[in-house]
Amino acid sequence: VGAFVEIQAGADIGARCKISSHSFVCSGVTIEDEVFVGHGVMFTNDRDPRATTEDGELQTNADWELIPTRVCRGASIGSGAVILPGLVIGEGALVAAGAVVTRSVEPGAVVAGCPARFLRLRSSHE
């Protein structure tokens, strides 16, 4: 785990992972074994974030729903990627640097862009 990484309570990190500096892993994120997370990767866990309730009161944990995200074994996430909540990044998938992932990623797929789009299947030696 690199410098300035925040891993919140309720996140689950598997074995033999690399999480690079300045990344944020929020509650509700599960990262399985052998996953690579590049520098400055941001996970999110709320589809409709707000500071206050309809009454103008500050929101508490009771006022929103945590949406879980899973990164499957052997996946790689490039630096600066943003992962929206409720997604599964499949086993061995590759998310390119700077991608904004708005949909689940199939096992072995390579995705890139904003929003992230399928490019190709990852070769077995990558």
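## Basis of the model

Residues are numbered from 1 along each chain as its sequence is written. Because the model is predicted, local features need pLDDT of at least 70 and side-chain atom pairs count only at pLDDT 80 or more, while totals for chains, interfaces and linings use all residues, and side-chain values use heavy atoms, with hydrogens and water left out.

## Salt bridges

The structure has four salt bridges, a salt bridge being a side-chain nitrogen of Lys or Arg within 4 Å of a carboxyl oxygen of Asp or Glu. One of them joins the side chains of E32 and R70, at 2.9 Å from N to O. E32 lies in the loop between β5 and β6 (36-37) and R70 in strand β8, so the pair ties together parts that are 38 residues apart in sequence; strands are DSSP runs (E, at least two residues), numbered from the N terminus. E32 is partly exposed at 24% relative accessibility, and R70 is also partly exposed, at 35%, where buried means under 20% relative accessible area, exposed over 50% and partly exposed in between (1.4 Å probe, protein chains only).

E34 pairs with R73, with the closest N and O atoms 3.1 Å apart; E34 is in the loop between β5 and β6 and R73 in the loop between β8 and β9 (76-77), 39 residues apart. The side chains of R50 and D48 form another salt bridge, at 3.6 Å from N to O, and salt bridges with shared partners join R16, E34 and R73 into one network.

## Nonpolar core

The largest nonpolar core has 26 residues, and among those touching the most other members are I31, F43 and V71; such a core is a set of buried Ala, Val, Leu, Ile, Met, Phe, Trp, Tyr and Cys residues joined through side-chain atoms within 4.5 Å. Strands β5 (29-31) and β14 (109-112) each supply at least two residues of this core.

## Cysteines and N45

The structure holds zero disulfides, a disulfide being a pair of cysteine sulfur atoms within 2.5 Å. For C72, the nearest cysteine sulfur is that of C17, 12 Å away, and C72 is buried at 13% relative accessibility.

A polar atom of the N45 side chain lies 2.9 Å from the backbone oxygen of S27.

How values were computed:
Polar contact = N/O pair within 3.5 Å; in protein donor to acceptor, adjacent residues only side chain to side chain. Helix = DSSP H or I, 4+ residues; strand = E, 2+ residues; numbered from the N terminus.
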